[in-house]
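Please look over the model below.

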Amino acid sequence: MTDITAPALAGKDVRDPASTRPIAYWLLVCCAMVFAMAVIGAITRLTESGLSMVEWKPLIGILPPLSEAEWNRVFGLYQTTPEFRIYNATMDLAAFKQIFWWEWFHRFWGQLIGFVFLIPFLRFWVNGRIPADLWPKLAGLFLLGGLQGVIGWYMVKSGLVDRPDVSHYRLALHLGTAIVIYGLLLRTALGILDPLPLAGWATESGRLRKHARWALGLTGVTIVWGAFVAGTDAGLAYNTFPLMAGHVIPPEVANLTPWWINLFENTAAIQLTHRALALLTGLVVLGLALRVWVARLPGRAGRVALLTAAMVLVQIGLGIATLLSVVWIPLGAAHQAGAILLVSGLVWLLHELRPVGVPKR
């Protein structure tokens, strides 16, 4: 056990837990809703439901069609899209309703998150419960959530004009923004619940925190390439592991010119990159967990590191299973959920390692 001498807390911003704990619980509820939103989004994508709603009506469009005439109207709008003309020209109204409900629920849940965030935020603010340094963070999170809605529509629009699929770049932006919002919500809540984590007093925490940042960054990049895989349907090809069509590196990974565009546009190269990033991320996270455990830090850091290590192994397993199943929807949704749980573990671990030994000046 490292010998730790905690310096004086003079100058530290230590809030009264009793007064701010409700804010943390509210943020954790929002975290859970964003987590659910990401899973709902994955199912919407996997069921090819995301282009069924061709109108964007925030707030006033929260209700689904309530009459047969309205159903026929929205179905008529869908019939003008490239997806209908190319893939679903024989679809009837009953089949349209099946894909419509997933997209409607995805949008409804997103707006519900906005209300669940805004109403308590205003109440806490009016009652003077929000500390001065926390108010800008919460306001920024609300604005970021609104921006996410705009990004979602920006993504959908890319599949309504000339092509029957959304841009995988916009899909990655949409998913990446959701992960950022989730991570910020969780980090803020943890900072309120435990402003002075014990592991942060250890001298080793600074070096370990750098390692954890690399792990979180790699996880984020891997998630982005996962969105590229989903957006280009690259998961429907090379459904073997560890080889890809009998090759470690399939020869078609360099078919496009210039060479670097293959990483973003070539199905084989996108999937290969995602595989490589996933394995590299796994090694970095496992190495981090080992270092944290060996350091024998006080507090929860060691246990959180072990949970994160277990999660990265589960996530790699889910990725392989999703690939071998040719993207079975329950496995694909679980794989997306696993990515967010891995982010959760790394954000939590970074919080536990947060240096708190030097008072603010």
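The sections below cover the basis of the model, the annotated spans and selected residues.

## Basis of the model

This is a predicted model: local features need pLDDT of at least 70, side-chain atom pairs count only at pLDDT 80 or more, and totals for chains, interfaces and linings use all residues. Residues are numbered from 1 along each chain as its sequence is written, and side-chain values use heavy atoms, with hydrogens and water left out.

## Transmembrane spans

An unreviewed UniProt entry places the feature "transmembrane region" at residues 23-43, 108-126, 138-156, 171-193, 214-238, 276-294, 306-327 and 333-351. UniProt positions are given in the numbering used here, feature names are shortened, and annotations may be inferred rather than shown by experiment.

Residues 276-294 are 100% helix and 0% strand. Their end C-alpha atoms are 27 Å apart. Residues 214-238 are 72% helix and 0% strand, with end C-alpha atoms 29 Å apart. Helices (H or I, at least four residues) and strands (E, at least two) are DSSP runs, numbered from the N terminus.

## The annotated histidines

The unreviewed UniProt entry also carries the annotation "binding site", which covers His-274 and His-335. They span 62 residues in sequence, yet no two of their C-alpha atoms are more than 13.2 Å apart, so they gather at one spot.

His-274 lies in helix H9 (residues 267-295). His-274 counts as buried because its relative accessibility is 17%. Buried means under 20% relative accessible area, exposed over 50%, and partly exposed in between (1.4 Å probe, protein chains only). Leaving aside neighbours within four places in sequence, His-274 contacts Thr-222, Trp-225, Gly-226, Val-229 and His-335. Contact means heavy atoms within 4.5 Å. The His-274 side chain also reaches the backbone oxygen of Thr-222 at 3.2 Å.

His-335 sits in helix H11 (residues 329-352). Again leaving aside neighbours within four places in sequence, its contacts are His-274, Gln-315, Leu-318, Gly-319 and Thr-322.

His-106 is in helix H4 (residues 93-126). His-106 is buried, at 12% relative accessible area. Beyond neighbours within four places in sequence, His-106 is in contact with Met-37, Ile-40, Gly-41, Thr-44 and His-174.

Val-312 belongs to helix H10 (residues 301-324). At 2% relative accessibility, Val-312 is buried. Not counting residues up to four places away in sequence, Val-312 touches Thr-281, Gly-282, Val-285, Leu-286 and Leu-342. Val-312 and Ala-278 are 34 residues apart in sequence, and their C-alpha atoms are 9.0 Å apart.

## Glu-55 in its loop

Glu-55 lies in the loop between helix H1 (17-46) and helix H2 (68-78). Glu-55 is partly exposed, with 25% relative accessibility. What does Glu-55 touch, not counting residues up to four places away in sequence? The list is Arg-73, Val-74, Leu-77, Arg-107 and Trp-153.

The side chains of Glu-55 and Arg-73 are joined by a polar contact of 2.9 Å. A polar contact is a pair of N or O atoms within 3.5 Å; within protein, one must be able to donate a hydrogen and the other to accept it, and residues adjacent in sequence count only if both atoms are side-chain atoms. Glu-55 and Tyr-25 are 30 residues apart along the chain, and their C-alpha atoms are separated by 35 Å.
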